[in-house]
Amino acid sequence: MSEIFISWSNTRSRLFADALRQLMTSVIHDPDWTPPPPLGPGSHVVSMSADLPKGGSWFSHLAGLLENARAGIICVTPENYASPWLLFEAGALIRCDREVALFPVLFDLPATSLDGPLALVQGTVIERDAHAIKREVLDLLNQVVAHVNTFPDAPNRLMVDQPAVNAPAPPDAANRLMVDQPAAVNAPASLPVVDPEAVADPWKTFATTVLQLELPSTVSIFDRFPQLFERKTFQEPFHDCADQRWLDRYAGACIARDAMEKQRSRIATALPPGAQLAYDRLSAAVDSYAMAIAGQLLEEHRFGTDHQGRLNDVDGRLAVCERRREAIRAAYMRLRDPVPPVFDDARIYEELTDLEERKIRLIHPLEQQLDSQIAAVGQFSTPEWRLKHAATSPWLYDRLVFFIHAAKAKDLPFPSFEDLLEGLERELSLLEARDTPATVVCLYYALEAIEVRAASTDDRPRVLDLLSRIEARIVDWNRSVDVQAPKERVDANGKIRRLAGRLRTALTTADLAANVAPTG
């Protein structure tokens, strides 16, 4: 009989529930029960709705699981905290005929966000920190185990098994199920640190899996969001609007504005600051758009057409609205991007338009933070897996973070100089695919990192080839730029070409020095 039921609703909640269930089946033990391979020792204790059979009998099976459960773990995320299905399962677990305890687990959600029945129960808040995850989930499992132990008719009384370092007493017959503790929680500080790769550690696996789950997004929380903006109101340029039904556009803008306002509290609760800023900017842009349409186009006014069938905008009315429409599309795409940024500050970076402000608010503080980490502990706090994702991210700031780490990782295994060169090649390939790049700031930071790290003899030919490609591409980009508009030239201040020149000189000098035969 499964005594613990895990409830979930929505994709991210399901992924978290799967990871939690795998952890529980690995660390909850019953010494009197030997699981058949490949089941974990606690597999007979834990169940979730994913275990239900396909077909018409699933509801009766679900009712059976809920009826037999003595504890329910409710996996709550920003996407599902008001889910009718989650509340249904929670309500079914709380029955009058037996004392069933609910244990809400909040992932990417503060405890104050719950309302209704779940708000009456103390929840476990999961933070995105490996040590905090182990500590909070260990406490959660201890509470669940202690509660199930209170049932006198339970065939398998539960007990928390202490790690070997604490020399636990042998389990007695009244408490047969045990929870393996993560060594990092209770191990004395004087004990040697065990290599986590040398042993199978379900706690480490669970923490890593949870940390790598995607952050909540505007679309995951507000599922109607794309439908509001993937419509003619926002997608069709004003000059191409043949029917000139401006009232419909105004209505569409008002619908989007009001819908975004209704979701504002959920967005503010769940999204990180960068995404909140992007959401607020888009909301303001939609409001401005609606007011522009109302002020410029809702009066009776028909536009003529040119020889291409586009509307003539003699007095600039359409241009006023068009600028706002384009701003909305750009802001919408940043929130709708199917690949979320690795670092939330990437969204803030995109919302800032001035490079100096970006440096002051984001880049310089990051550089100072990394210097402090290297000085204090000799390594970065950013996990390697995040930096690897950042290196190939479509978000410019993510790649900047990678190159800034690479510049300061001289004595660290990652990012290596090879990782840095691969990042520079990817960056150059991205830029070469464009007629004119909007910015080459990432290219500059990549070259700066290469200058700091210094190329080995084997890497010099490859670096020189990359420098030649960069210099030639800048020349090509600038061929078509009007000589009367020097600020529009790529690398207008020449910083990249000067940096490339210094690198070329340093590499060439090093090659010449290496080839000079020593004299007696």
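Colleague: Is Y289 buried or exposed?

Modeller: Y289 has a relative accessible area of 0%, so Y289 is buried. Keep in mind that this is a predicted model.

Colleague: And F238, buried or exposed?

Modeller: F238 counts as buried, at 0% relative accessibility.

Colleague: How many aromatic pairs does a search of the whole structure find?

Modeller: The search finds 16 aromatic pairs. One of them joins F238 and Y289, with ring centres 6.0 Å apart. The planes stand at 75 degrees, and over 60 counts as edge-to-face, so this pair is edge-to-face.

Colleague: Where do F238 and Y289 lie?

Modeller: F238 is in the loop between α9 (232-235) and α10 (246-262), while Y289 is in helix α12 (residues 273-296). The pair therefore ties together parts that are 51 residues apart in sequence.

Colleague: What about F402 and F403?

Modeller: F402 and F403 also form an edge-to-face aromatic pair. Centre to centre is 5.4 Å, with 65 degrees between the planes. Both residues are buried.

Colleague: Back to F238. Which residues do ring pairs link into a cluster?

Modeller: The cluster holds F222, F225, F229, F234, F238, W246, Y289, F303 and Y332.

Colleague: Which charged end sits over the ring of F238?

Modeller: That of R249, 4.4 Å from the ring centre. Elsewhere, the charged end of R358 sits over the ring of Y349, 4.2 Å from its centre.

Colleague: New topic: the open sheet. What is the strand order?

Modeller: The five strands run β3-β1-β4-β5-β6, with parallel pairing.

Colleague: Which strands stand at the edges?

Modeller: β3 and β6 (124-126). Each has a single partner strand, so one side of each is left without a neighbour in the sheet. From one strand to the next, the twist averages 25 degrees.

Colleague: How many bridges pair β4 and β5?

Modeller: Six bridges, in the parallel sense, between β4 (residues 71-76) and β5 (residues 101-107). For example, I73 has F103 in β5 as its bridge partner.

Colleague: Which helix packs on the sheet?

Modeller: Helix α1 (residues 11-27) does, touching β1 (4-7), β3, β4, β5 and β6. The direction of α1 makes about 165 degrees with that of β3.

Colleague: Last one. Where is S43, and is S43 buried or exposed?

Modeller: S43 lies in the loop between β2 (28-29) and β3 (46-48). At 16% relative accessibility, S43 counts as buried, because the cut-off is under 20%. The C-alpha atoms of S43 and R21 are separated by 8.5 Å, and these residues are 22 residues apart along the chain.

How values were computed:
Residues are numbered from 1 along each chain as its sequence is written. This is a predicted model: local features need pLDDT of at least 70, side-chain atom pairs count only at pLDDT 80 or more; totals for chains, interfaces and linings use all residues. Side-chain values use heavy atoms; hydrogens and water are left out. Rings of Phe, Tyr and Trp (its six-membered ring) pair if their centres lie within 6.5 Å; planes under 30 degrees apart count as stacked, over 60 as edge-to-face and the rest as tilted. Helices (H or I, at least four residues) and strands (E, at least two) are DSSP runs, numbered from the N terminus. Buried means under 20% relative accessible area, exposed over 50%, partly exposed in between (1.4 Å probe, protein chains only). A charge sits over a ring if NZ of Lys or CZ of Arg is within 6 Å of the ring centre and within 35 degrees of the ring normal. Two strands pair if DSSP finds at least two bridges between them. Axes are lines fitted to C-alpha atoms, for helices over the stretch in contact, and angles run from 0 to 180 degrees between N-to-C directions. Contact means heavy atoms within 4.5 Å.
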